[in-house]
Amino acid sequence: MSVGIVMLVHTAFDRAEQVARHWVRAGCPVVIHVDSQVPGHIYQSFVDALSDLPEVLFSRRHHCEWGTWGLVAASQDASELLLHRFPAIRHVYLSSGSCLPLRPVEELIDYLDERPRTDFIESATTADVPWTVGGLDHERFTLLFPFSWRSNRYLFDRFVDLQRRCGFGRRIPKGITPHMGSQWWCLTRQTLSAILQDPDRSRFDRYFRRVWIPDESYFQTLARLYATNIESRSLTLSKFDFQGKPHIFYDDHLQLLRRSDCFVARKIWPHAERLYQAFLTDDTGAENRQEPNPGKIDRIFAKAVDRRTRGRAGLYMQSRFPNHGWENGTTAWKYSVFQGFSDLFKDFDGWLARSTGAQVHGHLFAPERAEFAQGQTVINGALPDTAALRDANPRAFLTNLLWNTRGERQCFQHGPHDTPDIVWHLARDPNAQISVISGAWAVPLFKSNANFADLRAEAALLQKTESSMLDQLRSPEAKARIRIWTMAEFIEAPMEPLQVLIDEIGQRTPRRLAEAPVMEDLTGFGQFLQNLKNQGMHPYLMGDFPVEPVPRNSRGKRRKPYLVKS
């Protein structure tokens, strides 16, 4: 008899009984503490169920709540009883009712027999621990915590804020340096009895009673005073997520737990029948003398945390939404946005689809409806073309569209007539390729032959809207691939930028364009802009269009100077 077990139990008593019997069969006495919040009749039934085992004792009950002193008091009383009633034990192993031995207990006994003076307790100073969650590390030792963080969160936070504002700070008892670590330790009789019999124990207890989460610092701190050889690690496999919550092991973690070579694991789901059956009855690992190495599965847990916090690119989920900046990429696939191209070129969408093989939509954010490719009213992912539904959350609409069509390049038009709320999302999306011909919205106005007063008012409104959009695209925070041309500079040499855009989409092998889009007839457009200026509206987004006499060819017919023919 060299190892004694202290079990802290508050639920799943059938599993706790099963594990206690497993420890006793291997020759380990067990002292069990049951939370005082457990009803008396349930507690008595549990005691009666184990009454046939003289090696199982029950300690004085305490009220145990996470982060409070009760957990330390329970560990103290159970340890004192164990040391007193079983003088032959050399190590005391602290566990819980949700812990499960993963290897034959005889291996644990042999392992500890080979290290008779070694204490296994995770113990590090506040400056060295990276796992504290919630902003309290050194402060947990210098402030008072009379309120429970779980049941009185409001009072807990307000009292902490009050102490900070008042500059209050408790003095750490002389002779100790606060250490922190896992609650689950395995201490030698010598070290544990020295802690429990310390002449200054009442002073230490008084201090730690108001420390936050004292079960992770009391033994971890005092062990440094008496231990001759500390290995700062726990023999119990326990993993925590990025929020500090423990991972729960289920039946499908069987091979994962075997791979860890650890002696004990927590937390085990009480209904994981396969795990309890495999580890409490399987002695096939008796020849496995490997050193406990939870690091073997750290990579898997790191992947789980990464998947939970980052997820798949462009897919929003509960663990990240609605936290801004937590998304792993705002969209799932690269896409192209064109502004002004369908105004300047005839049938630009059809030409782009033929040239690239991409799925080319119209104005996805048009006022009336989402103009899906080929006139579809519903697209992948059951996304309808309804404008009201789309505009309720334009960002989610685009994200869903790109997620459900990932693998195929999506292209669409946008302009100052369309929903403006999506522009900033486009600008900060690294997957977006945005190409803008500023001022091209004036071409449909020029060809509309409407009343000039109405044209001037609409032109002023569209220019103001596009100017605001361009400011967002030019923001230092923009991450998209953005190209902006004025209309005047684009039509001077349109083939070069068109070739670059086609090559970037890259749906097909890069090649020289065999077909060019047909540009609208811009004869008289310069005079149209001059007329707007004459009426008090300054169309500056188009660039510098000269007002010249209409050129004629050798036959005396008017030439179209801004026409690119196919």
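## Overall surface and composition

The accessible surface of the protein amounts to about 27,200 Å², and carbon and sulfur atoms contribute 49% of that area. Accessible areas were calculated by the Shrake-Rupley method with a 1.4 Å probe, and for residues only the protein chains shown count as cover. The model is predicted: local features need pLDDT of at least 70, side-chain atom pairs count only at pLDDT 80 or more, and totals for chains, interfaces and linings use all residues. Residues are numbered from 1 along each chain as its sequence is written, and side-chain values use heavy atoms, with hydrogens and water left out.

Of the 566 residues, 49% are buried, where buried denotes under 20% relative accessible area, exposed over 50%, and partly exposed in between (1.4 Å probe, protein chains only). Among contacts with a separation of 6 or more, 75% join residues 24 or more positions apart; a contact requires heavy atoms within 4.5 Å.

## A three-strand sheet

Three strands form an open sheet in the order E5-E12-E11, with mixed pairing. Strand E5 (100-101) and E11 stand at the edges, each with a single partner strand, so one side of each has no neighbour in the sheet. Strands are taken to pair if DSSP finds at least two bridges between them.

E11 and strand E12 (residues 264-265) run parallel and are joined by two bridges. Thr236 lies opposite Val264 in E12. In general, strands of a sheet pair through backbone hydrogen bonds, either parallel or antiparallel.

## The surroundings of Phe249

Phe249 is located in the loop between strand E11 (236-237) and helix H9 (254-260). Its relative accessible area is 1%, so Phe249 is classed as buried. Leaving aside residues up to four places away in sequence, Phe249 touches Leu237, Leu257, Arg266, Lys267, Ile268, Trp269, Ala272, Leu275 and Phe301. Ser238 is eleven residues from Phe249 in sequence, and their C-alpha atoms are 9.7 Å apart.

## Helix H11

Helix H11 (residues 298-309) has twelve residues and reaches 16 Å from its first C-alpha to its last. This is close to the expected 16 Å, the expected span being 1.5 Å times one less than the number of residues. Just after H11, Gly311 adopts a positive phi of about 65°.

## Cysteines

Zero disulfides are found in the whole structure, a disulfide being a pair of cysteine sulfur atoms within 2.5 Å. Cys64 is buried, with a relative accessible area of 13%, and Cys262 is buried at 2%.

Conventions
Helices (H or I, at least four residues) and strands (E, at least two) are DSSP runs, numbered from the N terminus.
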